[in-house]
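Dear colleague,

I am passing on the structure below, followed by what was found in it. Please read the notes alongside the coordinates.

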Amino acid sequence: MEQFVKYTGLVAPLDRANVDTDQIIPKQFLKSIKRTGFGPNLFDEWRYLDEGFPGQDNEKRPKNPDFVLNKPRYQGASVLLTRRNFGCGSSREHAPWALMDFGFRAIIAPSYADIFYNNCFKNGLLPIVLPEATVDGLFKAEAANTDFQLTIDLANQQVITPDGQAIGFEIDEFRKHCLLNGLDEIGLTLQQGDAIREYESRRRAAEPWIFQEPQQQ
Amino acid sequence: MAGKTLYDKLWDAHLVTEREDGSALIYIDRQIIHEVTSPQAFEGLRLAGRQPWRSGASVATIDHNVPTTPFNNASDIVDDTSRIQVQTLQDNTRQFGITEYGIGDVRQGIVHVMAPEQGAVLPGMTVVCGDSHTSTNGALGCLAHGIGTSEVEHVLATQTLVAQKMKNMQVRVEGDLGPGVTAKDVVLHIIGVIGTAGGNGHAIEFAGSAIRSLSLEGRMTVCNMSIEAGARAGMVAVDDTTIDYVRGRPFAPKGADWDKAEAYWRGLVSDADAEFDTLIEIDAADIRPQVSWGTSPEMVVPVDGLLPDPADEADEVKRSGMERAYQYMGLKPGIKTSDIQLDRVFIGSCTNSRIEDLRAAAQVAKGHKKADSVKQVLVVPGSGLVKQQAEQEGLDKIFIEAGFEWRQPGCSMCLAMNPDRLQPGEHCASTSNRNFEGRQGNGGRTHLVSPAMAAAAAVAGHFVDIRDLAPADQTA
């Protein structure tokens, strides 16, 4: 996993609440068996005027000029500013994969859906939670300034505005540690293999039916 | 000290280790696998040279991509990318020694229909799947929730999940449900009350006399849509209904193990003095048959209500969401649900494709024909076994006589990954779970309803209040 330490990037505002993962990456693109290549189809139904399908030359498709990511001022954006309950709906990890593949490294919103929030951390994408009023303030500041960039300092848990204002945010310690160090969670868990085996033998004695294998049926 | 909730008990029973930072490692008893969210997980195992921790803990089937017209081999799937996913699952399960109910197996079906049907999900288990509707399985008194693909790989490799304990929410629905009011209406009503983010960060226990009166299938419908209320996990405490459902299923314990299991399972209820972080109380008498009008599952109205006016919404963010939804749906505030003209009807999905759902739809459809204005009515059973049962009961004939199409099991038009989909601008009465923009096909407009309401709408060409039909056509 990619490390996330300190990062400065252009902000793109997506002024909608309850953006669901079907919108972030529509189902026809879930047929890929890879983790990469979803970026050109991020927000496909909002971004393009025609219907998208896998294998198209996306460069040649008609773009929706009104959609935020198509506007010249947001080219190269890597911090997504959005509204409450971002990432609701389907558990598809293709959503963070698409956001990362497009170039986003961090998201700022008042709240996220649980599964999406969790999925972001597995991929080095940082979902930052800030109070609704603070997010609203960032929307206004962004609207008033072209090339609005934010610096995200994960180690110090701060979002730093262009005028130097530092806004603190909360993050779970374990997730922060994994992100700062780009750690492989499976490797970490396997270090606790003995504890897992010990737990299993206890359960096997108490609830043997849990360990009944389908092949034995 | 306060007693424990059902969720507390399930969590405690699966705790392997707690870490100083507040996260925990919990043991996963069962992983269900389908073709869409697993290929990258298996690829991850291969790249790292890892084997599954316990391959017998997983069970796989194909559902999202499969055509619902008859086919015999993966090579019959016309869409290249769908075929590759179906074949990839077959290859992966063979390589890693995981049981798969594949093409032509009568047990094949939607993951959350197949798994409980086989008894692969049992009370007291932890159950995960790379699918947000895994919450369905919580109806059996277990902790079941969706996970991402990285976690699918983590569970395959370690049989555990890094997790943080969620908060406890109880939704109590007390009283008797009126005629024509089904489990689907109960859960849509709940989402209408608490909103799509209402359950964020919580595990929901559905309780109260109205929930206890539901069949196990009905409870699955309610738990299924926990995720639409923002909660990853939904559950119902174990009672006679649970025990009767599980007994005799292929994976269920037998003999002395059964007695021991039953004794343990009976304790899987929230203690009388357990405390919940959030408690929602709902009067069953307030619940009427529901219809969703917008692009979020919280945008519901009772069938006899009028579509709401955004001008009455105080919250600015919500108001703009409603305005956008009206624009997408091509509808106007203040109209009746019966004013919505329908182009297609879909009866199926992990929410409503079990035998009692098909019975409810057939009861309404019997002796009627679909309206001429309705182009297509799809009936898609949740599994090969549900299909078989329905055919034994003659339900297929009722549907076919009514002009409905009787299909093969799969996810179908719930998310339109296979050829079953809406055309731009079409309105669909659907028994599925999500009315998001484009979910059932690019530009498609979804209205979420119960199976009986969907069948009645197919006959009339627009929504009708199921309670106004002749008593013989009503389903309780």
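A:Asn118 touches A:Arg175, B:Glu151 and B:Arg232, leaving aside residues up to four places away in sequence, where contact means heavy atoms within 4.5 Å. This residue lies in helix 4 of chain A (helices are DSSP runs of H or I with at least four residues, numbered from the N terminus), and A:Asn118 counts as buried because its relative accessibility is 7%, the cut-off for buried being under 20% relative accessible area with a 1.4 Å probe and protein chains only.

The model is predicted, so local features need pLDDT of at least 70 and side-chain atom pairs pLDDT 80 or more, while totals for chains, interfaces and linings use all residues. Residues are numbered from 1 along each chain as its sequence is written, chains are lettered from A and ligands numbered from 1 in the order in which they are written, and side-chain values use heavy atoms, without hydrogens and water.

As for the interface, 66 residues of chain A are in contact with 84 residues of chain B. The area buried between the two chains (accessible area, 1.4 Å probe, lost on putting them together and summed over both) is about 6200 Å², of which carbon and sulfur atoms give 52%. On the chain A side, A:Lys27, A:Lys31 and A:Trp209 lose the most area to chain B, together 13% of what that side buries.

Eight salt bridges are found across this interface, taking a side-chain nitrogen of Lys or Arg within 4 Å of a carboxyl oxygen of Asp or Glu; B:Arg439 forms a salt bridge with A:Asp22, with the closest N and O atoms 3.0 Å apart.

With regards

Definitions and conventions. Helix = DSSP H or I, 4+ residues; strand = E, 2+ residues; numbered from the N terminus. Buried < 20%, exposed > 50% of the residue type's maximum accessible area, 1.4 Å probe, protein only.
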